[in-house]
Each structure stands twice: as structure tokens, then as C-alpha cells.
Amino acid sequence: MSAGGGAPAPAAEERTTMAATVVILDFGAQYSQLIARRAREAGVYSEILPHDTPWATIAERSPAAIILTGGPESTLEPDALGVDPAIYAAGVPILGICYGQQLIARDLGGRLVRSTHREFGPATLEVVAESPLTEGVESHTRAWMSHGDTVSEPPAGFVVLARTPACPVAALGDVSRRIYGVQFHPEVVHSEAGKRVIDNFLHSVAGIAPDWQMGSFVDRSIAEIRALVGDGRVICALSGGVDSAVAATLVARAIGERLTCIFVDTGLLRSGEGDAVLHAFRDVLHLNVLKIDARERFLARLAGVVDPEEKRIRIGHEFIAIFEEEAAKLPDVAWLVQGTLYPDVIESKTPDSKSGHKIKSHHNVGGLPEKMNLKLVEPLRKLFKDEVREAGRVLGLPEAIVERQPFPGPGLAVRVLGEVTAERLETVRAADFIVTNEIEAAPLARKPWQYFAVLTPLRSVGVMGDGRTYANLVAVRAISSEDGMTADWSRLPHELLERISTRIVNEVPGVNRVAYDITSKPPATVEWE
């Protein structure tokens, strides 16, 4: 496959008319991009804009529908976030989710109260009225709730469509104005009828045809990269994962041989990873790849650092320093490609997310220095992991690369809790190899989405060979997920967990105890740091 191959991108006129657009107004919800993803799964193109975007700006996109997201704040506060009132008079179908429903009720004359029984987690949703939004939804179904305020009385013209035992207005709608609200989160997989509700809104209420596909995104991205970069040269931060593979391939399709990929061996990689990355990108994808040995540099930068945020920031800064040094050796390089995904962006709370709460700084977002000599190209910034995999298939990437399990940019540094040293890296690397080896060899009906070992800062007393030991505790994490935003711990067979534990204790020096992490996300994150 040629790095610069691929079909030509459609013209600008074609791209602007290829599909109807749903505008999603973001109130800082952790799941804003998940809403966009659900819309794209329904074959509808979507864009996320800040909640306070003026209607005049929204109107430029000729939106076929508007969705108001959830958010961490309360609509009952005096300075509560809102929208341009003109959107309600525009005649465009509107769906409010959680905070969005409460905002619709508040702005259009309904009543809200602070609930005496807050709902966080699953609840039984009872459909109490027929409507285009609830068509085909079972009378009783499971829905995912996350709210403290509640609509107690809908605005004039609205009817209650659904309720839960603790929420009398779990969905409402004004059929004639095509304005609807749901208190639950239809975008998360835990809401059994969520996909149906979103599909109903997009197709039945808004009348949008399902004509947007991932191929449209790929074509548009290639054209946008070509327009952005112009005649310049570009370097790509290559990690070896599917994110950087898809990002690099998109850029290669756009500018061909003017792309140089740089693979940095940080010393924070899994067992045998460096050689596998070079083989995949040089021999399989036929990209121009430079390998930089920076193991000593990263260890020196991380010496004595125990705070996870500081780790991520130092790693991010060191990556950029190396890329700028290498770019200076090449002629006319002004751009740096990164495989940044939307979960990285929303957990890091960048200026693009005005209302979000920071979860942690990702090395390629919140860990970037304020001033950089290179400008960023981030073609995957609005995609989730599963969408990136789909884009990879559209681009024709090998399945071995497309299905490679996620690995954090900071690598094993965030799987060594506490100070990162060469010895501790070797311990977690050996334990991780066993976890990976055993899970991939096991005859499981469905492999976990991600699985790895974590070296904790804890030591415990044990007995080995009739003698006392005081050694390290290793934790094993395996999760199932579709997008990385929510995840459940994998119910691995006990026999498999026993083999993993026995091998780690017997084969990894300095470890005498293994624990299995049975925490979902939320409340935990996938990585421990």
C-alpha cells in the first residue's frame, strides 16, 4: 500500500452538502462526544459547539436538529449556563439530555426542584405517553440516571412521556414544536432503549436520512489536512497504536512523502514493543520512520516524581522537546501530527471544553507546553477509539494494527504507581507480559477491550519456600468497553486469574501478591494514574 495513495478528496461544495448536520451544544458533559458518536452511528453527521454559541453562528451550519447535552452544574443556580434563546424560536427540532431537559423546562416556563431522592445509576423507566420520541420503546426499560435536580412541572404545551420511581418527569415533549427532553442518558450503553430514543429523534422527529458514513469523515479529513498543511513538511509522533497509525495514514494520503514519522523509544514500552512498531510501520504500512532512543532522557525526567499529573506533564514536555529537536534536522518542518482522541481532550479539560471538569492531563493534550515551535495536526481529535478503528478499516489498515489494544501515551510510567525507576519498569513489564500472554492464549468468547498489570507502591508480607518475604503487590486490570468513556471490569474465569497470579508470583522477582481490580469506569478511570 502506498503511503500517499487513496482516492482524491471530494470538493468543498460536495463536503458541505453531503449530509445533514446535528449541532450538539456542550454544557461540559463527560458524554458530549458520546452523543455525537451515537448520531454518527445513526448515519447523521454531528458537530459539537460550546453551549453559548450564538444562534447566528449555529444557523450558518443549517442544522437539521440541535441536542443540548448534560453537564456537571445545576440549572437552579443564578449563573447557570444557558443557550441563545433564539434557538427555541428557530423551528429546529431540539432534544435536551439531563441538564438539557432541565434547561428546556426552565427556559420555557416549567418548574424545577432539587430532588430529595437523587438518581445516580440504573433506574426503571416507565413510558406513560405515546410520542414520536418513545415509539417502539418498551413500557418498562432500564435507563441510566445521573442528576440531583428534577423537572416537577413541564412547560405549557409539553406532556410527560416517561417517569421513574424517583423522577416524575423522566421525559417530556412538545410534539407540535418538536422539542423534547429526557432526564436519563440515552447515549450510554446502560440505557437499554437509548439507541432507539436517539434514532427516533434524528429520523422520526427531525426527519434526517441516515446518509453519513465513516468514509465521509476520511475523505473530509484528508482534504482538510491537505488544505491546512499546504506545501509544508510534517512529522508524526508515532506510538505504534491504532491512533497514531490512522493519523499517520490520513496525513500520508494527504501529503505523501512530505510526512516523516518519528518513533521515540521512551523505555516505557511493553515487552518487545519497539521492534513490533518498526516492523508494522516500515514493512507493512511503508511509512518513513525514524527511531529515537530516549530511554535515559525519560528516566532522568521522571526521577523522584511520584505525582501522576507531574509524570504526564513531564512526559508530554519531553516528547515535544524531542520532536522539535528532530524537526530542526529536517527541512521546512512546521507541523506535528498526533493521534489525540476525544476522550483525551475531555478528560484533560482544554480550552475547547468551556464547562468540563478536569479528570487528568493526557500527555498529548494537558501535558503539552504552553509554547511550541511546531503547529499541531490532530485529525482524530473528535473521534472515539472504536470510530478510529472503523476509520482504520476504511483506510485499509491491517487488522493486527486496527485491533491492537489501547496503550496510554505515557506508557508504563502510569502503570508504575509512585516513582518510576528502571527496576520498577522491568517488574511491571514482566508482569504485564504474563497478563497479556495468558489472556490472549485463553479460549474466551470475547476478549477484554484492555488488559494490563499495575505495579503498586504497596508491599506485603508473604511466605515463599518456608521463608518470610516482604515484596511488591501487582494489580491486574481487565475491562470491557466500547469507547473508553465508560467501562466495566471483565469477569475473567477464575482458572485464568489463577494462572496469571501463579505465573506473576513465580516468574517476576520481587512480587509476592496479586490483586484483581473489579472497579468500573466511572467511578474509576481505566488507568490507575
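This is a predicted model: local features need pLDDT of at least 70, side-chain atom pairs count only at pLDDT 80 or more; totals for chains, interfaces and linings use all residues.

**A residue and its surroundings**

Author: Leaving aside neighbours within four places in sequence, I222 is in contact with L250, R253 and A254. I222 itself belongs to helix 6, which covers residues 214–229. Among its contacts, A254 lies 32 residues away along the chain, yet the C-alpha atoms of I222 and A254 are separated by 5.1 Å. Is I222 buried or exposed? The relative accessibility of I222 is 4%, and buried means under 20%, so I222 counts as buried.

The wider setting can now be described. The protein chain contains 15 helices and 18 strands. Its radius of gyration is 25 Å, close to the 24 Å that the globule rule gives for 529 residues, so the chain is as compact as a globular protein of that length. Along the principal axes, the C-alpha atoms fill a box of roughly 70 × 65 × 45 Å.

Burial can also be stated for the whole chain: 57% of the 529 residues count as buried. Contacts can be treated likewise: of those in the protein chain with a separation of 6 or more, 75% are between residues 24 or more positions apart.

As for the surface, the protein chain exposes about 21800 Å², of which carbon and sulfur atoms supply 51%. Its side chains include 55 positive and 69 negative ones, and the centres of these two sets lie 2 Å apart.

Note on methods
Residues are numbered from 1 along each chain as its sequence is written. Side-chain values use heavy atoms; hydrogens and water are left out. Helices (H or I, at least four residues) and strands (E, at least two) are DSSP runs, numbered from the N terminus. The radius of gyration is taken over C-alpha atoms; the globule rule is 2.2 Å times the number of residues to the power 0.38. Buried means under 20% relative accessible area, exposed over 50%, partly exposed in between (1.4 Å probe, protein chains only). Contact means heavy atoms within 4.5 Å. Accessible areas come from the Shrake-Rupley method with a 1.4 Å probe; for residues, only the protein chains shown count as cover. Lys and Arg count as positive and Asp and Glu as negative; His and the chain ends are not counted. The place of a charge is taken as NZ of Lys, CZ of Arg, CG of Asp or CD of Glu.
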